[in-house]
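Hi everyone, thanks for coming.

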Amino acid sequence: MTDTTFPLPAAAGRGPGRFKGRFPWLMAPAVIFYLVFFGWPLVQMLWSSIWSDGFTLAGYTEFFSDPVYWWVLGYTMLIGVVTLVLTLAVGYPVAYWLVGLNKTWMVVLMAFVLIPFWSSGLVRTYAWLVILGRQGLVNTTLMRFELIDEPLPFLGTHTAVLVGLTYYLLPYMILCLFSVMNNIDRNLMLAARNLGASPIRAFFAIFVPLTKPGVFAGSFLVFMLAVGMYITPALLGGPDQTTLPLVIALQINEALDWTLAAALSMILLIVSVAIQVFANRYVDLDKMWGGAR
Amino acid sequence: MLQARQIPGGVRLGLAAISLSVALVGGGAASAQDKNAGELVVLSLGGSYQDAQSKEWFKPFAEKSGVKVSEASGYNFAKLKVMIESGNVEADVVDISADTMTALADAGLLEKIDWSKIPAECQAGIPADMKKDYAFPIIQWAMVMAYNTSKVPQDKAPKTWADFWNVTAFPGKRASIGATRPPVEQATLAINGDLAKLYPFDLNAAFDKIKSLGNAIIFADGYAQVAQYLADGEADMAIIPNGRVGPLVAAGRPVAINWNQHLTFPNFFAIPKGAPHKDNAMKFLGYVCQPEVLAKIAAPTNYGPINVDAYKFIPADVARLLPGNPETVALGRPIDTVFLSKARPDIAKGWARMAVR
């Protein structure tokens, strides 16, 4: 098998348990870090969702008794799934194409993926306000070519939110796919061709199954990030694009119902974990996060 | 992901408080020779509003009194609540809106204002209902209707909120702030235009009315964005604070204000409970309350002083653009802070509920 050329996560080919038995104390800083900065806030959040001047389940009761939250949760999940599908549809060919390039071009074009990835999410979302606005790039171009008479209303629609999210999360998907595709031995395709497979058959029978870990890793990452995303729906969406993170922020900053906000956060977390656990039954997560092969 | 960020907010605030208190200790050592003067930390709203406050109020006060004034900006209700409840009070004076003030005062998070320390010449012009126990009134701003005069000629411009909601007679895109302060009052006035009987109103009906605008309205995340929408033609009319329109007019944009059915929002200086330099805060109020001092920020901000005596120090052409001026005052009314402060959770919920209805 070829060696890795890009220092991406999947390049780490060692098993997770290699150091475990010998130097457990090496884990201590990481464990302490996680307990202090992740575990403790999580406990605090759980606590504040059930404790407000005494034990209460008011936040959870409110969630389960009011269908508005169900709708918002459903919409949030739907946005996550659609974003996942869109990033996959766009990202897969791009990653495939990037892997096939020679090294110089790969580095140059990879920059086009990485530079947006490194830029501020707020700035990138604001850019879409400029592009999709009534006097924005898209509408002025369409009007100039007289394809439309009236500017199309993009802002405050599902389309705007999905475009913004897809654009924002595309680099995550491409990087996941790229790292996996980069490790696939192209000779396998040649062998398939040699044995009489058509190029399409070789692609779907050999290449696509081998990219599965990347597809699942990318999909998970994109879905989880899309479901927790706050800025994009807030800026590009309207009232119809209210997602659960927006409701949580509203409860914290405006309604000051922190019990409900904590309960909603816990529910979003539980649903996300549940999806991951469910997926774990069908996909080998260890393998997925651990490496390409 | 968001849920992981919520709680560390508290941690971050704690860290900020620690670093700030370290900075304050350092600053204290530097000005130790100025023994009696001490310090004052003001927390305001930022932007050109705070620039004007800084130039006309904070710096002159620091010079006159010898108190070292430091400024900060950017906070919201939640942050103030956490700050005061956790005991890490970083500010001595905060500039807050009326409903935030009401809610904080009700929660017992503000210091009482010692009105006996406010000079008599300051008190004369303050309307009696603005002499709050826990806050000192400074300015009022107005939520007005503004429109693009090149898209909506002045004679065909909407005059009432009912007009604003009438998309067939008054075509054009509307803009408003969204989730954080949905235009519930304006929607109510569109249903029933009686200003005097505005409060209390039915929130559900208001949200239904907002929803009925559909694609004709776009919602922004902040007032700056509403102003931007109006400036760059994204919207032809907007529900917007009057102070955000002034700079657009000054920049030559074809924008005009319709003062009919405007709502005024008072702003206050309050002293958070446990403020480290409470006495200096009162001293500062005793300075800033003077009508001629109050009047100074009217021109740069377009926000009107609550103290009516301050109008003696404001030129007529500036006064005309201020909320509370004699020409337009009868066209609007003040908000009901008690109603709004109580309705706050329901307004936040109503916004989410509106989406699925």
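So, 38 residues of chain B are in contact with 42 residues of chain A, where contact means heavy atoms within 4.5 Å. Quick housekeeping: this is a predicted model, with local features needing pLDDT of at least 70 and side-chain atom pairs counting only at pLDDT 80 or more, while totals for chains, interfaces and linings use all residues. Residues are numbered from 1 along each chain as its sequence is written, chains are lettered from A and ligands numbered from 1 in the order written, and side-chain values use heavy atoms, leaving out hydrogens and water.

Back to the interface. About 3600 Å² is buried between chain B and chain A, and carbon and sulfur atoms give 64% of that. That's accessible area (1.4 Å probe) lost when the two parts are put together, summed over both.

What about charges? There are six salt bridges between chain B and chain A, meaning a side-chain nitrogen of Lys or Arg within 4 Å of a carboxyl oxygen of Asp or Glu. One to look at is A:Asp240 with B:Lys211, where the closest N and O atoms are 3.0 Å apart.

Which element of chain B gives the most to the side that touches chain A? That's α16(B), with 10 residues; helices here are DSSP runs (H or I, at least four residues), numbered from the N terminus.

Last stop, B:Trp57. Leaving aside neighbours within four places in sequence, B:Trp57 is in contact with a set of residues including B:Ile138, B:Phe269, B:Phe284 and B:Ile297.

Methods
Helix = DSSP H or I, 4+ residues; strand = E, 2+ residues; numbered from the N terminus.
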